[in-house]
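The account below gives each criterion where it is needed.

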Amino acid sequence: MLSLFASKFNTVKENFVSLFDKYFVSGLCKVVLFSGIVLYLASIFLFKDPNCSPSEFLESSNSIPTNPNPNPSPNSPISHFISSNDTNPTNLSHLVFGLLGSEKAWHYRKSYIESWWRPKITRGYLFLDEKPKWNLLPWSKNSPPYRISDDITKLVQETQHVAPIMARMVHGIMELFREEHEGVRWVVMGDDDSIFFVDNMVDVLAQYDHTQYYYFGGQSEYILSNFWYSFSQGFGGAGFILSYPLAKALAEDMDSCLRRYPFLRSADQITMACIVDLGVSFSPLKGLHQIDLHGDISGLLSSHPKIPLMSLHHFDAVEPIFPSMNRIQSTKQLMKAAKFDQSRMLQQTICYHKLSNWSFSISWGYSVHIYEKIMPRSYLQYPIETFEAWNNKPQNPPYYMFNTRSSAKDSCETPHVFFLRSIGETWNKNEIWATYSRSAVRRLPGCSIGGNHPANYVKRIQVYSPRTKRTRMDRCECCDVIHTTGSNKAKVKFRECFNKEKIA
């Protein structure tokens with residue numbers, strides 16, 4: 001009797017389980033499937049990137065916005081993610097540039113930006129203080145897409161900010177961050193006359209972990225500018241660089257930050273203070289140049305430190321860097337060389353023609369100096385003080401953040417100067433050739449030291465360098481001079497230095 005009851009109970013149990021599996025589990029799967037479809041559609045319509053189609057959003061984590069709407073909503077949501085699946089080395093698509101300018105200045109400054117901007121490749125925006133006037137429209141395809149800066153008048157009035165224009169510039173960091181979405185690793189801020197060497201910037205930033213907090217920038221060349229503002233800040237014209245996590249944290253703290261520092265008059269100071277409050281300190285990069293100088297900066301550019309050139313600024317405040325050219329032409333001339341090889345831009349290479357007792361100092365892509373005397377690299381590494389201080393020189397040095405050489409007229413110390421005239425590739429594409437022409441007659445007698453020969457008759461120098469990018473920065477390159485006495489030409493060939501070779 002008990003066994004019969006147990007048998008019937010088990011039969012009922014099995015039927016119940018079968019019905020449960022058939023209807024409940026099936027229903028549960030349907031609910032899950034339906035919920036997934038609803039969430040997918042919601043993600044498309046609620047969080048859709050206005051510059052990407054849904055398929056692009058799903059297929060690519062490195063899409064680049066193209067010709068975006070110049071008047072975004074100031075209430076657009078800030079992107080809060082960075083792709084953790086992107087393990088590729090840092091490239092240009094991982095950088096986003098925010099350039100702060102004015103409508104009035106853009107008319108004569110846009111050529112600086114267009115000299116290095118790569119349409120549909122470089123990511124970023126120009127933030128203007130007002131809508132461009134008719135003579136800037138239609139907007140140039142060679143310029144960055146523009147945005148109109150947010151109206152923060154209410155915030156400025158509430159805080160009685162002493163420098164509303166500076167507050168607007170700092171607020172631009174948040175506005176840039178709000179605009180960009182996928183794959184950003186580094187946020188680069190600059191001015192509307194900042195000249196960036198983006199390939200070098202990528203190579204330098206690739207050495208750092210973009211998931212950590214970094215605040216990079218350039219200091220002023222003029223020592224008192226650093227003293228007046230801060231030795232611990234990046235100067236915005238040279239460009240300062242924030243890693244993605246730091247840019248995100250700063251963007252989210254922006255309104256609070258501006259409320260904490262309404263008494264600061266410098267955008268760079270405000271930015272530095274807000275970043276320091278997040279627990280991050282400034283890390284200077286010598287390849288970022290504010291150019292707080294006046295006059296002829298050829299002496300500085302001819303003795304660049306052994307680090308990749310990343311930026312130049314204040315070209316409106318200095319003389320054109322090439323003779324017989326205006327500022328815009330000079331910028332384009334420099335960028336001609338940059339298109340061939342940014343890794344060697346302005347890198348100083350020194351070699352000798354011992355038969356003539358000549359020293360050659362080559363600033364790749366810019367200038368060549370010939371000295372009628374054998375001079376060691378330890379001396380030639382210092383720039384000739386052809387330039388003037390940003391403000392009036394103090395009575396006593398130091399004046400600059402680096403050592404300099406006197407520009408006094410001396411037959412043995414004053415170089416014969418040659419500037420870049422043309423550049424190209426050799427027929428086999430293994431080398432880059434660059435021709436440098438004499439800028440002017442030196443108008444000094446020859447160096448009187450015994451055994452030296454005058455170089456007045458040399459008119460042109462041809463420099464050959466490898467076509468391959470030079471990634472190592474631990475040691476400079478060396479070179480050999482080929483010259484026949486009496487010839488008005490000289491040839492210089494770059495090579496790696498020999499083991500234990502001395503440049504002296």
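The model is predicted, so local features need pLDDT of at least 70 and side-chain atom pairs count only at pLDDT 80 or more, while totals for chains, interfaces and linings use all residues. Residues are numbered from 1 along each chain as its sequence is written, and side-chain values use heavy atoms, with hydrogens and water left out.

Helices (H or I, at least four residues) and strands (E, at least two) are DSSP runs, numbered from the N terminus. Two strands pair if DSSP finds at least two bridges between them. Seven strands make up an open sheet with mixed pairing, in the order 3-2-1-4-7-6-8. Strand 3 (146-148) and strand 8 (283-284) are at its edges; each has a single partner strand, so one side of each lacks a neighbour in the sheet.

Strand 7 has antiparallel partners in strand 4 (residues 186-191), through four bridges, and in strand 6 (residues 215-217), through two bridges. Leu242 of strand 7 stands opposite Val187 and is also the bridge partner of Tyr215. Ile241, likewise in strand 7, is the bridge partner of Phe216. In a regular strand the side chains alternate between the two faces of the sheet. Both faces of strand 7 are covered, with Phe240 and Leu242 on one side and Ile241 and Ser243 on the other all buried. Here buried means under 20% relative accessible area, exposed over 50%, and partly exposed in between (1.4 Å probe, protein chains only).

Helix 5 (residues 164-179) is also mostly covered, since 13 of its 16 residues are buried. Its span from first to last C-alpha is 22 Å, close to the 22 Å expected at 1.5 Å a residue (1.5 Å times one less than the number of residues). Helix 5 bends by about 25° at Gly172, the bend being the angle between axes fitted to the seven residues ending there and the seven starting there.

Asp86 lies in the loop between helix 2 (54-59) and strand 1 (95-100). With a relative accessible area of 12%, Asp86 counts as buried. Asp86 and Gly183 are 97 residues apart in sequence, yet their C-alpha atoms are 7.6 Å apart in space.

Tyr229, by contrast, counts as partly exposed because its relative accessibility is 41%. Tyr229 occupies the loop between helix 7 (223-228) and strand 7 (240-243).
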